Amino acid sequence: MDRRPPPLRAHKESTNRLWIDMKKDSNVKPVNYKIDFEIDLKPLRFSGKESIVLHVAKPTNRIVLNAADLKITGATLTSDGTTLKPRVRLDKKSEELTLRLPKKIAAGDATIVVEFEGVLSDGLAGLYRSRYIDKGKTKYIATTQFEPADARRAFPCFDEPAMKATFDVSVTIANGLKAISNMPVSLEESVGKSKKRVSFERTPKMPTYLFYLGVGEFEFLEDSFEGVTIRVATTPGKSHQGAYAVDVTKKILDYYNKYFGVAYPLPKLDLIAVPDFAIGAMENWGAITFRETAILYDPKTSSKETQQTIAEIVAHELAHQWFGNLVTMKWWNDLWLNESFATWISFKTVAHLYPRWDMWNQFISMETVGALGLDSLKTSHPIEVRVKRPHELIEIFDAISYNKGASVLRMLEAYIGEDAFRKGLQTYIAKHAYANATTEDLWSALESSSTGTVKKMMDTWTKQTGYPFVSVEKEGSTIILEQKRFLLEQARDETLWYVPVRLELYKGKFLDVVLNEKKKWIAPNDEIVYMKANAGQTGFYRVRYTDALLEELKRRIADKRLGSLDRWGVQNDLYALARACDVPFEKYLEFIEAYADEDDYLVAEDVADNLYRVYVLSSGDLRAHVQERALAFYRKQFERLGWDAREGEKENDAFLRSTIITYLGVLGDADVLREAHKRFQKFTRTGALNPDLRRTVYLLEAWQGDARTYATLVSLYKKEQSPEEKKRFLLALAGSQDEALLKKTLEFSLSSAVRTQDMPAPAIVMATNPIGWALVWPWIKENWTMLRKRCGKGGNVKLIERLVETTSVLATLDAERDVRAFFNKNRTPGTEKAVAQSLERIRVNHRFLEKNGGL
């Protein structure tokens with residue numbers, strides 16, 4: 001599952017049934033589900049009858065399934081030819097359906113039959129409805145989103161990843177509709193005059209969270225690759241926008257078939273564009289679902305960013321077809337086996353297919369930076385995290401399970417070598433295909449293919465919270481390395497890691513060292529001309545240099561004798577140390593003078609972002625000082641980039657151009673604001689505007705505009721049919737300087753004109769607005785009851801979590817106390833970690849500003 005909408009703990013014991021059942025209730029396991037649904041898109045209801053074949057290990061008089069938001073209308077159990085009528089109890093709190101039998105049944109096979117009814121809600125979880133407009137009429141599709149634990153909202157089931165079974169599915173629908181599930185259609189038959197029953201081939205063994213069912217007036221774009229039927233499914237009129245995704249899919253399938261040594265195992269692969277979708281995409285086996293903006297590409301209006309995002313998300317979800325679907329984690333504590341791997345290999349794959357995109361540089365900015373940020377908090381958690389309560393399943397779909405896990409896999413591949421890593425993965429997949437596996441199984445396979453001590457090393461990265469910063473010193477010809485946990489909020493911590501340190505001593509000369517103790521002295525045989533630690537930035541740690549070593553690196557950065565990844569690493573580590581108050585922020589400002597002529601997207605964008613972030617956060621003299629430095633840096637970049645692409649420039653310069661122009665406009669550059677207005681006016685007359693500049697131009701028009709401008713943007717938003725363009729207009733509404741208009745935007749985000757999936761987006765953007773950030777928290781408090789009602793169930797809680805995270809822009813201790821008191825009084829399951837992390841970030845902000853004169 002890709003948790004990002006495109007443009008994101010160890011416990012001693014557990015008392016929750018969901019965790020305990022996985023451990024002790026393996027007495028009863030499903031073998032096959034035969035489910036017959038009936039879905040009616042007019043009253044927006046569904047019903048079903050399922051027959052579940054079970055294997056019972058020992059006699060029992062009690063069967064416990066998972067179910068939620070369903071009405072159970074009948075249940076029987078058959079064992080040894082005898083049919084029993086159980087007492088049925090559905091516990092809403094635990095989401096358990098208990099069938100209590102009048103007597104014990106013997107060990108062996110048994111069959112339960114359950115009849116049920118439900119509502120196609122708009123909650124974006126379970127079996128739900130998604131709305132779209134076709135020729136002026138509001139219509140719906142029915143679609144599913146089950147990960148991590150929402151299959152129980154569509155049918156009673158054993159809703160755990162280790163409870164794999166086969167599925168035989170049919171659905172009765174109106175004649176004019178089409179149905180999609182994991183497997184191809186096996187039979188269509190008439191049911192009366194106006195309905196039909198669509199049946200699908202049996203699935204392989206799989207967990208419930210990978211089941212998919214969709215019903216609607218789907219339109220298809222179809223192709224094939226090596227015998228696999230590939231289809232993009234959309235609402236009417238949009239299938240042509242799936243051509244790019246089909247092309248990308250064929251290339252990625254070819255790469256994965258070879259890389260994994262196992263061909264894609266299903267006869268078809270559907271890529272389904274869903275108008276309402278809480279996350280970026282979901283890897284349902286053979287029927288992957290996406291937000292429309294994550295799969296549909298229009299060459300006329302889509303940006304390069306969208307093009308690259310689609311490729312990366314498709315690669316991520318296709319990776320799951322092997323890593324997650326073919327081989328599935330046993331329990332959610334190993335979620336990272338799915339998500340980290342899919343994240344890592346999606347970048348590896350796209351980097352191979354499209355080398356001009358510099359995907360490993362983007363991996364650093366999109367994945368590693370987020371992981372380093374979250375894991376620098378005391379309130380972070382280990383990669384391997386034991387789930388204590390059901391709502392914690394949602395909380396661990398975060399930058400640790402995705403970004404950090406992917407980053408340490410990249411580090412591990414660099415440590416043992418690409419060939420050994422690939423060979424180990426092939427062994428792992430072959431051994432555990434159609435079954436479940438654990439982290440230990442992966443380490444065992446990788447250890448068998450390499451000479452490295454994989455488990456010993458990786459346990460320090462997956463079982464412990466946090467990461468180290470490595471201090472580097474030079475005494476004569478001796479190198480001294482020392483590790484300590486990096487924390488933004490200081491605390492005593494003696495955790496040690498098994499750190500593979502790569503040192504560059506002079507151009508092309510590297511020294512590889514394993515730092516697995518507190519401190520290490522090394523006497524290299526080679527001359528030390530300079531020292532860049534974490535050379536190539538494959539390690540998941542930060543580095544602190546002595547002033548002398550840092551000064552030497554500064555000279556090499558200024559004339560670009562260090563590669564772009566290493567130039568990024570030196571300044572980003574120094575910025576983090578400044579944010580932790582280990583060094584004065586002024587030291588960082590002085591150091592980035594070496595980046596005045598920077599021409600790499602990754603490096604220049606990071607410097608630009610860091611300056612803007614502190615500008616928004618601070619006030620008084622510090623804000624004025626940072627504004628001066630930022631404008632100087634931005635203007636130097638703009639001199640090189642200009643408004644329009646130059647012949648021969650790197651593709652990713654388009655991203656940097658958009659960032660630099662946006663920041664210049666917000667910081668008051670009059671020439672930039674005039675040109676943005678000029679281009680917006682031309683767009684409203686002719687429709688002509690470079691897709692890579694649209695988001696920037698719209699936002700800057702809102703920034704300098706008035707109520708009339710605002711009304712124009714709202715009108716454009718309401719009329720627009722392209723999901724990508726519509727989102728740009730919505731985000732621009734959060735870019736005004738007028739507090740009244742910004743408040744209007746927040747209210748607008750709660751209206752029916754904005755899809756639930758997009759509801760948090762204006763508030764998130766407003767939290768980065770130098771004027772608007774102060775309005776977001778009061779709005780959240782005022783509307784909390786409504787927000788919880790709209791987004792407080794199942795996987796939808798992630799939308800609430802994103803709003804909670806906007807409080808991390810606050811920077812006073814009074815604000816910290818206010819946020820703490822509010823959430824103590826208004827607890828929402830699934831957001832506890834986000835609250836704790838935001839509180840810590842507020843304290844970090846306060847300390848940083850207090851130390852650097854920015855309060």
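Colleague: Leaving aside neighbours within four places in sequence, what is F155 in contact with?
Modeller: This is a predicted model. In it, F155 touches Y33, I35, F37, E50, N66, L70, F116, F146, F167, T208 and F211, once neighbours within four places in sequence are set aside.

Colleague: And which residues have the most contacts inside the largest nonpolar core?
Modeller: F155 and Y634 do. That core, the largest nonpolar one, has 290 residues.

Colleague: Which helix gives the most to this core?
Modeller: Helix α14, residues 601-617, with twelve residues. In soluble globular proteins, nonpolar side chains tend to be buried together.

Colleague: Changing topic. Where is the cis peptide bond that involves P148?
Modeller: The cis bond joins E147 and P148, with omega at about 5°. P148 sits in the loop between β10 (137-145) and β11 (166-174).

Colleague: Is L124 buried or exposed?
Modeller: Buried, because its relative accessibility is 3% and the cut-off for buried is under 20%.

Colleague: And what is the phi of K560?
Modeller: Positive as well, at about 60°, and K560 is not a glycine either. K560 belongs to the loop between α11 (547-558) and α12 (564-579).

Colleague: On to strands. How do β16 and β17 pair?
Modeller: In the antiparallel sense, over seven bridges. β16 covers residues 219-225 and β17 covers residues 228-234.

Colleague: Which residue does L221 stand opposite?
Modeller: V232, in β17.

Colleague: How many residues are between β16 and β17 in the hairpin?
Modeller: Two. E226 is in that turn and has a positive phi of about 45°.

Colleague: Last one, helix α3. How far does α3 reach from its first C-alpha to its last?
Modeller: α3 spans 25 Å, close to the 24 Å expected at 1.5 Å a residue. The helix runs over residues 304-320 and has 17 residues.

Colleague: Why is α3 described as largely enclosed by the rest of the structure?
Modeller: Because 15 of its 17 residues are buried.

Key. Residues numbered from 1 in each chain as written. Predicted model: local features only at pLDDT ≥ 70, side-chain atom pairs only at ≥ 80, totals over all residues. Heavy atoms only, no water. Core = buried A, V, L, I, M, F, W, Y, C linked by side-chain atoms within 4.5 Å. Buried < 20%, exposed > 50% of the residue type's maximum accessible area, 1.4 Å probe, protein only. Helix = DSSP H or I, 4+ residues; strand = E, 2+ residues; numbered from the N terminus. Contact = heavy atoms within 4.5 Å. Pairing = 2+ DSSP bridges. Expected span 1.5 Å × (residues − 1).
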